[in-house]
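Work through the two exercises below with the model open, and compare each step of the solutions with what you see.

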Amino acid sequence: MSELTVPTGQAEAAQTSLWKDAFRTMRRRPDVILATLILLFVFAMAAFPTLFTDKDPTRCIGREARQRPDTWFTGEHPLGTDAFGCDFAATIVHGTRPTIVLALTVIVATVVAGLLLGVLAGYFGGWLDALISRVLDVFIVIPMLLGAILLLSLFRGRGSSGNLIETIGPAALALMIFSWMEFCRYARAATIEAKNLDYVQAARCLGAKDSRIMFRHILPSAIIPVTAVVPTTIGAIIVTESALAVLGLGVQAPATSWGVLLSKGTEWAGGGYVYLFGIPLSLLILTVFAFAAFGDALRDALDPKLR
Amino acid sequence: MRRTKMAVAAVAATGLAVSLAACTGDESDLDGGEGGGGIVQMQVGEVRSLIPGGSGESEGFRIMHNLYDGLVYYDAVTGDPDYLVAEDISSDDNQTWTIKIKDGLTFQNGEPVDAEAFIRSWNRTAYGANALPLNYFFSTIAGYEDLNPPPLPEEEWDDPDTPKIPESDVKELSGLSAPDPLTLQVELSAPFIGFPTMLGYEAFYPVAEECLADTAACELVPIGNGPFKFEEPYDLEAGGTALKWEDYPGEQPSIDGVRWHVYLDGANCWADYLTGDIDVCRPPASDYESAVNDPDLAERRIVQDGTSTLVLAFPLYDDTYADVNLRRAISAAIDREGVLNVIGPDRFNPLDSWVPASINGGGQGFCGEYCTYDPDLANDLLEEAGGWPEGEKLRIWVNDSADNLDVFRAIGDSIAETLSIEYEIVPMEWTDFLAEREAHNLDGPFRSGWGPDYNLNENYLEPVYGGGAATNDQGYENADYDAKIAEAAGAASIEEAVQLYAEAEEILAGDMPSAPIFVEQVSYFYSERVDNVVVHPIYSGPGGDAELRDIVIK
Amino acid sequence: MGRYVIRRLLQALLTLGIVLFILHYLMALSVQIRGNPAILFFGGERTPDPAMLAQVERLYGLDNGCYDRPGDPCLVPFVERLQNYAAGDFGTTLNGNRDVAALLGIYIPNTLRLFLFSTVTLVVLAMVLGTWAARHRGRLVDHSVRGTTILIDSVPVFLILLAYVYMMAVPLTRWARGIWGTESFMGQVFRPSYNPDYPWTTIVIPGIILGTVGLATLTRLVRASQLENIGADFVRTAKAKGLGQMRITVVHVVRNSMIPIVTGIGYLFAFMLSGAVLTEGVMGIPGMGYMIFNAVQRQEINLVIVGLTISAIVVVVVSLVVDLLYAALDPRIRYE
């Protein structure tokens, strides 16, 4: 306690080593390696679809609809054709980008909003905390899917098959509005805890500005619990997107996303075209599983109590 | 002595039946179980009302036409209106109609079915303030305006955005009268030869006095005059059972009753049909193929022409679509067979006329080569019309029920592939779509469709393409067409009218304000335990239905 | 404790009030932007006569001028609505003119039955798997339980249901009926859709499937809390006092392990409501989730507001009860 600046350095060093340790633990776990490989594959499909298929997913011949993939991974249609006679492999590959972009957009926006509101509420307390907490209560009371259904149906304009933003915009916005609360809660709790720690008090005594304390000292510790739930939440967003698509409210056909593929696939699976359901379903499950496993490991690694 | 013997024989016979059933294995076991004796298990959707005039949708109507007897009943084969409650319907000038009602008919509660019962029902529906869905059916009857006054002039509204409507004291149609209890006299506001063909519809069924005294109770346990009768209240979620009305004076149905099982939006009966819990069902698109290929099921399949049409209409008010050759090009570029392959075969048939063949005067094939897939012809026609505007997308406007999106996506794919133009689907919510379509705000081809109210080709022509460019959705107007329609309405006989309406359809074909795509095809499957399954072209509802007056349980 | 309860109750009331207003405002906006739901009343292909339309609007309280001005919060109808609700009048539906209160009487029990089965499934599975994993901490069992539950949780529940309905229900039903007959429990339980004649039996399978929502989360909670408690000081103290093993397990370990589990269930409740929308839709169960979804689609303003408010009340009450149980179960927590 002799030098007042030192605790800050210690705390930051502790933060850094926590992340380093977490990275080191995770690197050794086989499930994390597997999850990472799956995610790399999926991200590659989203970023460079043409590496995986040379077919145009919008060229669909009605008379060629639902050709089963008898020639697995080779031939004219490597995975057969879909319900509209488009190349199924091309549809899947090109449907990956909207799904992934939507999930990432939502997560980035909600983490930023959640952290910001949470830290503000936790740090300042008082009426700001009361206000943010009330808003939090109100949104928590409406489950994410119900809220998204409500917004998307009420303000369903003319769907458009134009560019990516128009395609995923409405669904992304609706999901954002109803999924920032968890991050906010975690950030607020962590902030309240950190606010009273010695090094923060010390920084304040030294006359640091509120904004500096929040961003330099509190935010790093508030990010930890939030980070631990991020991968799992991404998985949940992908699932919710597919649910919305099945309900006809998410991404609108003829634009594709995994959800759109699944909603068509479920219809035809019962009629004997199991591949139309099975292939996108496996892809979805693998991805969500990878995110969940990754998140699970991350939570263990970042939770000091369990170490 | 004799009596005892009879009883023994009966017992023996029953025993035999039971053991037979047991021997034939699990299949008939399944079928016998739930229904018991002679109850047919039918599927039904969400019912809006069970009092005539209040439903206006297929599900209420499909139940109601078994509970109520109307003046006429459409023949299941020809579609002609046969007298049921009416003894005779006649008119000298097609404007004043005299309807004689059979003597001695009663409602299920004992009230007489007389002219008053019809007048009571029709007045209730026609009275604007009751806000009943089938109100518009009475606009042809004299005095309708008095019950449905137009909104006051704008200056007199309390709120500048809300039309104010004067209260009307008149609650009875002046065109209806009963010279004697069994004679109903109807005066129309203009001559209409097709009036008797309308009378088999729900809007024209009679209503008992007791029913109107307590409509809430009557919705649950309707008081009809038909062959079936509810004993227990009908439940909108759980359905209900109607039993044979023992005192029905007409031909008694062969079954003891019917149990309606409700399937709400999105749900369908197919899985329950396969487990033996439903007797007549239409498979969803994805199950058609496996159902048709199953030799056991294929024997119990009914295939016949339906009456609902699906049409791609053109916005004639938009300059892009002003050239008839462009419209023809688009129509010829649609691979109707290919689209069918996408949305499930056997649900529709390609259509090449505006009035389908199952309707009186329909099936003339006036669209001809332009309704047949021909890529070369389509491209030639497009060239003749000056080509497709560079860089523009073909925008197809549809209302957003899932089925439409699939159908029109497949249509769009076909047009895009054939004519090498890009397209997009613009789905709209139903109410928006209706309003925008009517306001001529759509800048591309749009979905249109029609289901018949009665069996006359006029029903597919006048309401859809008549009224002038400002009125109909396509913005279509042709003086010859309108003249022909008017000529037909004043025809002396129904045959002559049908012929003149067909000529009007031919004029329409020359202008091609819309491209006929499909007519629905009835393709229902029925269970092993029922027989004589008749699917009525006008009365049957979607999803699986049969004439309960005719169906037999084996 | 009493003051805490009152404060929480007041907060809950405020939250509900805001939710009600937001819902009302959203629906008003939707009418203003999307246009008049009264047109739905007429169904069909035809556009109704303006006079008829105005009549229907008046019948359903949509004739207030504020519905024509986008952005107007429509306070007058809001107050009217609240007054009606307070008087026990929940209004009628636009489509079919049905009494909303009567509808709720049909829908709520179905959803409760569904939740009953899914909660039991969830708790039993999570307790068994979590305890098992905790006992074999760090070993293969632990890892496989974790992997399996995460995998199960990764499969969206409505897709499990759809797969069940489309592919398994029919053969299972036929098989069961061949052995036990149509009328038996087994002959009904596998049916592909809900049947009001068998309101309990035909809801079992969807209930069980819905019960897998959040399985990984809850199993993890059970495992962690048991691990924590087995080594906790108060357990060691109890042992040192010479208490019997049975008493230690029941009174100390299980009681204290219940805390996170109760919280977890309360938290998962909101997820179950979302799941109910899809489950009820797929299985044709006329329940609350199904009702809300369809009401939203049809702009049944009244139904949407009433339905979502009830769901909000349930969530608020559940979280209140959870917090109170927290206090009751954990000797360390006392609210003053």
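**Exercise 1.** At roughly what angle do the axes of helix α18 and helix α19 of chain B cross?

*Solution.* This is a predicted model, in which local features need pLDDT of at least 70, side-chain atom pairs count only at pLDDT 80 or more, and totals for chains, interfaces and linings use all residues. Residues are numbered from 1 along each chain as its sequence is written, while chains are lettered from A and ligands numbered from 1 in the order in which they are written.

Step 1. The axes of α18(B) (residues 479-489) and α19(B) (residues 494-511) come within 8 Å and cross at roughly 170° (axes are lines fitted to C-alpha atoms, for helices over the stretch in contact, and angles run from 0 to 180 degrees between N-to-C directions).

Step 2. Because angles over 145 degrees count as roughly antiparallel, α18(B) is roughly antiparallel to α19(B).

Step 3. Among the residues making the contact are Tyr481(B) and Ile485(B) of α18(B), and Leu500(B) and Ile507(B) of α19(B) (contact: C-beta atoms, placed from the backbone, within 7 Å).

**Exercise 2.** Which order do the strands of the open 4-stranded sheet in chain B have?

*Solution.* Step 1. The order is β1-β10-β9-β8, with mixed pairing (strands pair if DSSP finds at least two bridges between them).

Step 2. The edge strands, each pairing on one side only, are β1 (39-44) and β8 (228-230) of chain B.

Step 3. From one strand to the next, the twist averages 30°.

Step 4. β8(B) pairs with β9(B) (residues 240-244) in the antiparallel sense over 3 bridges, and Phe228(B) has Lys244(B) as its bridge partner in β9(B).

Technical notes. Helices (H or I, at least four residues) and strands (E, at least two) are DSSP runs, numbered from the N terminus. Angles under 35 degrees count as roughly parallel, over 145 as roughly antiparallel, 65 to 115 as roughly perpendicular and the rest as oblique. Two residues are in contact if their C-beta atoms, placed from the backbone, lie within 7 Å.
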